[in-house]
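User: I would like to go through the labels used for this model and see what each one rests on. Please set the values against the cut-offs as we go.

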Amino acid sequence: MTTAEATGRPVDRAAAVLVCPSCRVSLDGSYTCALCGTRGRRVGGQLRFAGFADAELRDDPLNRIKERVKRSFGPVYPLAIQLVSPVLLRRFIRPFLASFDLDRDLVADLGSGTNRYDPRVLCVDGGTYANVDIVGDLRTLPIGDGALAGIVSVAVLEHVPDPQAHVEEMWRVLRPGGRVLCYVPFMQPFHASPYDYQRYTQAGMKTLFGRFDVLSVRVGAGPTSAMLWMLQEWLALLLSFGSRRLYRGLIPLMWLLSPVKFLDVLLARHPSAAVAASGFVVEARKSPEARP
């Protein structure tokens, strides 16, 4: 990577490695594929290739509310979620990012939502949030083979219909020796964003990333978080007496119980915590000898 590429914004650095998400042909400055005609466009500092339609984001009632809050609070939304969410997600991400030279290494957050861990991290999402650099389908990324040094993926794979296809895309866009840090839930209720398809055990995570060298699979959110989220949903169901409207109104009140999650500071360290963990974090590496 040249000095000019190293010092630019992540979206500008990514422009040098853009490919057509359909046929993988390198894109010219117009973001149009010369082979198949697929078009991207630049809107301000954002590159748009695909993404969610507004109707998809509004389909689920609770996700509709969440989308309104996301767009109203913007970058403050992730902090708010940390406070009111029943899940205590341990801090694996910042140490992971600190292991890269972000001024030179291109690292992407796939499914970033409104969050940005570092201004030098490339944010990719299906929603057109203000912080997102590339809007597109996570299963067919407009990023060239071996272009990324690292990938962060937090609470995303449960929301894609074919997680294995998404993991294969991670493999494709990572350079040999590149690493991925991925958090996926295990014991959590349904939560659309805008969809919700699956959960994974510790063994399931190792299988999902079987093409990689799996460096570790750790409890990312502990048993207290799992119990608390289930309890909140159970109480809302019990006290709503069959009314969907009352159920949706009670869910925010249940967030008052969220401070209980801090018991996971201790319980997530239990040697058997994986049996009932709320979610797992896997760190995996593309073999240095791997071919794209």
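**Strand pairing and helix packing**

Analyst: Val214 has Ala284 as its bridge partner in strand 9. The model is predicted.

User: How do you know that strand 8 and strand 9 pair, and which way do they run?

Analyst: Pairing needs at least two bridges between two strands. Strand 8 (residues 213-221) and strand 9 are joined by 7 bridges and run antiparallel, so they count as paired.

User: What joins strand 7 to strand 9?

Analyst: Strand 7 (residues 174-185) is linked to strand 9 by 7 bridges, again in an antiparallel arrangement. Within this pairing, Val184 has Phe280 as its partner in strand 9.

User: What makes strand 9 largely enclosed?

Analyst: A residue is buried when its relative accessible area is under 20%. In strand 9 (residues 279-285), 6 of the 7 residues are buried, so the strand is largely enclosed by the rest of the structure.

User: In what order do the strands lie in the sheet, and why are strand 1 and strand 8 at the edges?

Analyst: The open sheet has 9 strands in the order 1-2-5-4-3-6-7-9-8, with mixed pairing. Strand 1 (41-43) and strand 8 each have a single partner strand, so one side of each is left without a neighbour in the sheet. Helix 7 packs on this sheet, where it touches strand 3, strand 6 and strand 7. The direction of helix 7 makes about 150° with that of strand 7.

User: How do you know that helix 7 is mostly covered, and what covers its buried residues?

Analyst: Of the 11 residues in helix 7 (residues 163-173), 8 are buried. Among them are His166, Glu169, Trp171 and Arg172. The covering elements include strand 3 (107-110), strand 6 (148-154), strand 7 and helix 8 (202-208).

Technical notes: Residues numbered from 1 in each chain as written. Predicted model: local features only at pLDDT ≥ 70, side-chain atom pairs only at ≥ 80, totals over all residues. Heavy atoms only, no water. Buried < 20%, exposed > 50% of the residue type's maximum accessible area, 1.4 Å probe, protein only. Helix = DSSP H or I, 4+ residues; strand = E, 2+ residues; numbered from the N terminus. Contact = heavy atoms within 4.5 Å. Axes fitted to C-alpha atoms, helices over the stretch in contact; angles between N-to-C directions.
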